[in-house]
Amino acid sequence: MKWAKQIPNTLTILRMLLSVCLLFLILHASQWFKISPTGLNYTSACVFAFAGCTDFLDGYIARNYRFKTLFGEIFDPLADKILILAAFLGLLALGRINAWVVFVILGREFFIAGLRVSVSNHGQHIAVSQWGKYKTFLQMCAIIMLFLNLHLDGVALGDYLMALAVFATLYSGLDYTLKYCKMVQNGDI
């Protein structure tokens, strides 16, 4: 049964490998595999969605079966960021996302990661907020829609979802920052 405790960590590693596969697919599939643009859209969306499901699944298993590990605590959020980075780089290469959106979202991720490190150096931690979960869900949905390249009245449906994701990203970042400031003010860190 010892192997079962490694399932969440294995899923985290799988997510990182899928991130590399996703970016390779987007950047090189048309030359190597002669895949059509529509085929690339659907394949990219499926690979990303599958990788996103591993994020949900590893967290669910680790929490519900108490299989939490130090590796998982460190690499699970890192794997998420690697997946989002691979998707954003692919979408930038396809010309489907604005570089400022990528900068705002990844900038927030680095900033909050810095806050988390600062807090953990004082033996504390900031729990994932509901807004953080909304942010992740909206980002993943928006990325899938941008990969699918579906349009409504000439506007990519993913653009609408990405606007909501950017709002949730900034709002959750503010929420974490306020929690951090409160911890500083209370002398917890």
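Guide: Happy to. A salt bridge here is a side-chain nitrogen of Lys or Arg within 4 Å of a carboxyl oxygen of Asp or Glu. The idea behind the term is simple: side chains of opposite charge can pair when their charged atoms come close. Keep in mind that this is a predicted model, where local features need pLDDT of at least 70, side-chain atom pairs count only at pLDDT 80 or more, and totals for chains, interfaces and linings use all residues. Residues are numbered from 1 along each chain as its sequence is written, and side-chain values use heavy atoms, with hydrogens and water left out.

The structure holds eight salt bridges. Let's start with Asp-175 and Lys-179, whose side chains meet at 3.5 Å, N to O. Both sit in helix α6 (residues 157-185), four residues apart, or about one turn of the helix. Helices are DSSP runs (H or I, at least four residues), strands are too (E, at least two), and both are numbered from the N terminus. How buried or exposed are these two? Asp-175 is partly exposed because its relative accessible area is 21%, and Lys-179 is partly exposed too, at 33%. For the cut-offs, buried means under 20% relative accessible area, exposed over 50%, and partly exposed in between (1.4 Å probe, protein chains only).

Now look at Glu-109. Lys-81 forms a salt bridge with Glu-109, with the closest N and O atoms 3.3 Å apart. That pair links distant parts of the chain, since Lys-81 belongs to helix α3 and Glu-109 to helix α4 (residues 99-120), 28 residues apart. Glu-109 has another partner: the side chain of Arg-108 meets it in a salt bridge at 3.3 Å, N to O. Arg-108 and Glu-109 are both buried.

Setting aside neighbours within four places in sequence, Lys-135 is in contact (heavy atoms within 4.5 Å) with Arg-108, Glu-109, Ala-168, Thr-169 and Ser-172. With a relative accessible area of 8%, Lys-135 is buried too.

Elsewhere, Arg-15, Asp-55, Asp-58, Asp-76 and Asp-80 are linked in a network of salt bridges.

Stepping back, the protein has six helices and two strands, running α-α-α-α-α-β-β-α from the N terminus on. Its radius of gyration is 18 Å, close to the 16 Å that the globule rule gives for 189 residues, so the protein is as compact as a globular protein of that length. That radius is taken over C-alpha atoms, and the rule is 2.2 Å times the number of residues to the power 0.38. Along its principal axes, the C-alpha trace spans about 55 × 45 × 25 Å. Of the 189 residues, 39% count as buried. As for contacts with a separation of 6 or more, residues 24 or more positions apart account for 76% of them.
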